[in-house]
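Please examine the structure shown below together with its sequence.

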Amino acid sequence: QVEYAATSLSGNDGRAPPGRLWRSHSALRHEGQRHGRSLTVIARLDRNLCWLVLAEPRFAIETDLSALDLPLDVLNGGGDMLQIREGRERVNGLDTMRVRVERTAGSGSSFTGHIWATEQGVIARLAGEGESRGRRGRTLMNFRDVQIGPLDPGLFEAPRGVRIVRVKGADLARVLEGIEAVGQLLLHLPERGAE
């Protein structure tokens, strides 16, 4: 219902560097790190588009949102996610409603957890666990220092000056696994002159 920006904190051990979230009714952008590498995700809910922007090497993967198998339409009040309002709580300085969410998709993915959100739709915390493509995982994200106000629409467009690789939804998982494997290999190679 409102446009806002917030600092994001992943996990509960305090070791992950903070990220940044920008959110409008029809789009979101998140800048953070994954496995020590900068990653920006730009999702256009109104155009069913997503860009995953990697800093090293500098390029962006463009795909449709359905490839991510995430219940993104629940952000706009829709989706096939069961939502049960459980009660009011103050979280990260915001008055929120704690909502239990459950989703099981036909593709074998699932998510069960809680979202703490204000009446205006600002998300203060997300916690839960799920499974996608045979992998299970836990999620905990806190959002702090919320600033409500108009955002630059350019935040939600494809990045300029970056090579864009278009990937069909079905191929996205393989492409991401390949990038991850190459990244892990590069992390374990000895530096020149260190041999």
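| Charged residue | Ring | Distance from ring centre |
|---|---|---|
| Arginine 29 | Tryptophan 22 | 5.9 Å |
| Arginine 125 | Tryptophan 116 | 5.3 Å |

This is a predicted model, in which local features need pLDDT of at least 70, side-chain atom pairs count only at pLDDT 80 or more, and totals for chains, interfaces and linings use all residues. Residues are numbered from 1 along each chain as its sequence is written, and side-chain values use heavy atoms, with hydrogens and water left out.

From the N terminus, the order is β-β-β-β-β-β-β-β-β-β-β-β-α. Of the 195 residues in the chain, 38% are buried, that is, under 20% relative accessible area with a 1.4 Å probe, protein chains only.

A nonpolar core is a set of buried Ala, Val, Leu, Ile, Met, Phe, Trp, Tyr and Cys residues joined through side-chain atoms within 4.5 Å. The largest one has 20 residues, and Tyr4, Val101, Ile115, Val122, Ile123 and Phe143 have the most contacts inside it. Among the elements giving two or more residues to this core are strand 1 (4-10) and strand 8 (94-104). Another core, of ten residues, lies apart from it and includes Ala43, Cys50, Phe59 and Ile61.

Technical notes
Lys NZ or Arg CZ within 6 Å of the ring centre and 35° of its normal. Helix = DSSP H or I, 4+ residues; strand = E, 2+ residues; numbered from the N terminus. Buried < 20%, exposed > 50% of the residue type's maximum accessible area, 1.4 Å probe, protein only.
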